[in-house]
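Here are some friendly notes to read alongside the model. Please keep the viewer open as you go through them.

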Amino acid sequence: MTANSMIESCEPLNRTKLSGGTTVPIGLVLGFWISTALFALQMSFTAYAQLRLPQVAEAFSHLGFPAWFRVELSWAKLAGVAALLIPMVPARLKEWAYAGFAITLVSALIAHFAAGDGVQAWGWAAGTGVLWVLSYFFFRRLQARAAGYAERTEDSCEPRRHT
């Protein structure tokens, strides 16, 4: 597609199409995938560490959690990461994954504060929480676009009005 045909079709160069045909700013898509990839890497690393590293198992004991909870939480994190990264997973299931991650991160902060741990212990949960906020923000923006809130009509360059 040439620049002239994009101008004629009202499609700016800095937009991309979602699978449903909705166009969105490329920055929105990039923001989502970058923040989600970083968040997924962090959650995958913590899941691996909880399953394999003895010092992480000791930290769970220090916080008062049983060993079975550490294993269960790790597998739930990996399932949540898969739900976020696989494009054909329904949005409702992704919402549940985001909710589970939010509960996990808030609970981690509460547990570390209750145990009197310093920033070296709870800082990772706080930093991961920032990545969660960014990923979820971009996810919701993309969902709003896909739902048709910013679609353009086929015969006009004006945004569609919803009544």
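The points below cover a helix pair, its aromatic residues and one further phenylalanine.

1. The model is predicted, with local features needing pLDDT of at least 70 and side-chain atom pairs counting only at pLDDT 80 or more, while totals for chains, interfaces and linings use all residues. Residues are numbered from 1 along each chain as its sequence is written, and side-chain values use heavy atoms, leaving out hydrogens and water.

2. Take helix 2 (residues 26-52) and helix 6 (residues 119-146) to begin with: their axes are 8 Å apart and the packing angle is about 145 degrees. Axes here are lines fitted to C-alpha atoms over the stretch in contact, and angles run from 0 to 180 degrees between N-to-C directions. Helices are DSSP runs (H or I, at least four residues), numbered from the N terminus.

3. Phe32 and Phe139 form a tilted aromatic pair, at 6.5 Å centre to centre and 35 degrees between the planes. Rings of Phe, Tyr and Trp (its six-membered ring) pair if their centres lie within 6.5 Å; planes under 30 degrees apart are stacked, over 60 edge-to-face, and the rest tilted. Phe32 is in helix 2 and Phe139 in helix 6, so the pair ties together parts 107 residues apart in sequence.

4. Phe101, in helix 5 (residues 91-114), is buried at 3% relative accessibility (under 20% relative accessible area, 1.4 Å probe, protein chains only). Leaving aside residues up to four places away in sequence, Phe101 touches residues including Phe39, Met43 and Trp132.

Definitions and conventions
Helix = DSSP H or I, 4+ residues; strand = E, 2+ residues; numbered from the N terminus. Buried < 20%, exposed > 50% of the residue type's maximum accessible area, 1.4 Å probe, protein only. Contact = heavy atoms within 4.5 Å.
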